[in-house]
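Subject: Structure handover

Hello,

Here is the structure you asked about, with the sequence. My notes on what was found in it follow below.

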Amino acid sequence: MRIALRYRQQHVAVDLHPEGRRYRATVDGSEHVVECHHFDETTLALVVDGQHYLVDIARNGAERLVAVGGEVYAFMPERSAARDHTAATLAAPQVLAPMPGKVLEVLVQPGDHVEQGDGLLILEAMKMENRLVAEAPGTVVEVRTVAGSMVEGGQVLLVLAYDEDCR
């Protein structure tokens with residue numbers, strides 16, 4: 001499987017080949033052996049070429065935030081990699097808090113239909129307001145937070161069912 005990402009102004013190509021419980025990952029021509037252990041939806045333990053890493057992953061729209069070793073890296077999928085997929089096939093049904101913060105406002109309720117880009121909730125984190133939006137058209141299935149709640153990074157805030165069921 002090939003994954004094409006952008007980190008800042010760099011293009012990163014990752015080829016993953018499963019080998020039993022491990023993966024052989026080639027990142028821009030450099031080969032690595034990777035073992036992955038999932039703790040939950042957002043936390044992984046990775047062993048890359050014998051080095052151990054605890055990794056937290058969160059989503060903010062199409063952006064993937066990866067925290068490892070006290071650093072946070074923001075990755076975006078490359079458009080060319082996603083051209084054969086609709087937003088509904090790429091978007092996760094759970095909307096996660098990209099970082100710890102306070103829910104200022106919940107803009108939807110279960111049963112609401114949303115379009116791509118519609119606001120779902122406003123989260124205050126690091127003294128900034130972050131508007132979390134729908135990645136594709138769909139229906140709000142579940143709201144797991146309320147205004148005024150403190151949330152952890154990676155916590156599930158909402159669950160959506162996308163209009164296109166092509167997962």
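In this predicted model, four strands make an open antiparallel sheet, ordered β13-β12-β10-β15. Strands here are DSSP E runs of at least two residues, numbered from the N terminus, and two strands count as paired if DSSP finds at least two bridges between them. β13 (128-133) and β15 (150-151) are the edge strands, each with a single partner, so one side of each has no neighbour in the sheet. β15 pairs with β10 (residues 101-106) through two bridges in the antiparallel sense, and there K102 stands opposite M150.

On sources: residues are numbered from 1 along each chain as its sequence is written. Because the model is predicted, local features need pLDDT of at least 70 and side-chain atom pairs count only at pLDDT 80 or more, while totals for chains, interfaces and linings use all residues; side-chain values use heavy atoms, with hydrogens and water left out.

Confidence: pLDDT is the predictor's confidence in each residue, from 0 to 100. The protein has a mean pLDDT of 83, with 89% of its residues at 70 or more. Residues 80-89 stay under 50, and the model has 14 contacts (heavy atoms within 4.5 Å) for them beyond four places in sequence.

With β2 (residues 10-19) the count is six bridges, and P18 has Y23 as its bridge partner in β3. Two residues separate the strands in the hairpin of β2 and β3, where G20 takes a positive phi near 70°. With β4 (residues 30-38), β3 again pairs over six bridges, and R22 stands opposite E35. That hairpin also has two residues between its strands, and D28 in the turn has a positive phi of about 45°.

Why does T26 count as buried? Its relative accessibility is 19%, and buried means under 20% relative accessible area, exposed over 50%, and partly exposed in between (1.4 Å probe, protein chains only). Leaving out residues up to four places away in sequence, T26 touches A13, V14, D15 and E31.

Next, the nonpolar cores, each a set of buried Ala, Val, Leu, Ile, Met, Phe, Trp, Tyr and Cys residues joined through side-chain atoms within 4.5 Å. The largest has 17 residues, of which L120, L157 and L158 touch the most other members. At least two of its residues come from each of β12 (119-125) and β16 (156-162), and β16 gives the largest share, four residues. A second, separate core has nine residues, among them A25, L44, V66 and F75.

The search used a 1 Å grid over the protein atoms alone: a cavity is a set of points where a 1.4 Å probe fits but cannot get out, a pocket is an open set with protein on both sides within 12 Å along at least five of seven lines, and lining residues have an atom within 4 Å of a point. Points are joined across faces, edges and corners, and a volume is the space filled by probe spheres set on them.

- The second largest pocket holds about 270 Å³. It is lined by 16 residues, with A58, L65, V72, P98 and M99 closest to its centre.
- The largest cavity has a volume of about 80 Å³. Of its 11 lining residues, R59, G61, V95, V133 and E135 are closest to the centre. β9 (94-96) gives the largest share of this lining, three residues.

Regards
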